[in-house]
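Student: I would like a close look at a single part of this model, followed by its wider setting.

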Amino acid sequence: MSFKEKYGPNVAIIGASADREKYSNKAVRAFADAGYNVYPINPKEQMIEGHKAYHTVMDVHDKIDFASLYLNPDTALASRIPEQLRDKTIEMAILNPGAANDELVQKLKSYKIEVQMICSLMALGADPEEF
């Protein structure tokens with residue numbers, strides 16, 4: 001079952017980068033290519049790969065079904081990402097390699113947010129080298 005079938009089509013890529021070599025940028029492109037509605041989250045960018053970039057998850061007016069995190073876990077905690085996901089009623093968070101620590105995982109779970117510690121690109125069936 002795809003993320004779209006299980007959660008919905010709207011995905012926030014938290015820590016999305018405009019640098020096409022970064023995995024967070026590849027995730028923006030891979031999710032878009034797979035037919036998802038992509039919401040890049042990066043306070044320093046206006047647009048990423050043709051998608052409006054948002055400063056925070058809370059700035060997105062549409063419903064977000066799930067999120068894929070590409071932030072250092074300490075940055076995610078300091079930026080109150082778990083609280084933003086909770087307040088936005090996001091069901092599931094993907095913690096990509098390097099984006100997880102015990103504190104972040106426990107906080108997300110305490111807010112009843114499902115945590116998947118996987119590579120978004122691999123879970124989509126996308127080859128990172130193709131992006």
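Which side chain of opposite charge is nearest to Arg 29, and how many Å away is it?

Tutor: This is a predicted model, in which local features need pLDDT of at least 70 and side-chain atom pairs count only at pLDDT 80 or more, while totals for chains, interfaces and linings use all residues. Residues are numbered from 1 along each chain as its sequence is written, and side-chain values use heavy atoms, with hydrogens and water left out.

The nearest side chain of opposite charge to Arg 29 is Glu 49, 4.0 Å away. Lys and Arg count as positive and Asp and Glu as negative, whereas His and the chain ends are not counted. Arg 29 has no salt bridge (a side-chain nitrogen of Lys or Arg within 4 Å of a carboxyl oxygen of Asp or Glu). Arg 29 belongs to helix H2, residues 23-33; helices (H or I, at least four residues) and strands (E, at least two) are DSSP runs numbered from the N terminus. Apart from residues up to four places away in sequence, Arg 29 touches Arg 20, Glu 49 and Phe 131, a contact being heavy atoms within 4.5 Å.

Gln 46 sits in the loop between strand E2 (37-41) and strand E3 (47-48). Beyond its neighbours within four places in sequence, Gln 46 contacts His 51, Lys 52 and Ala 53.

Conventions. Buried < 20%, exposed > 50% of the residue type's maximum accessible area, 1.4 Å probe, protein only.
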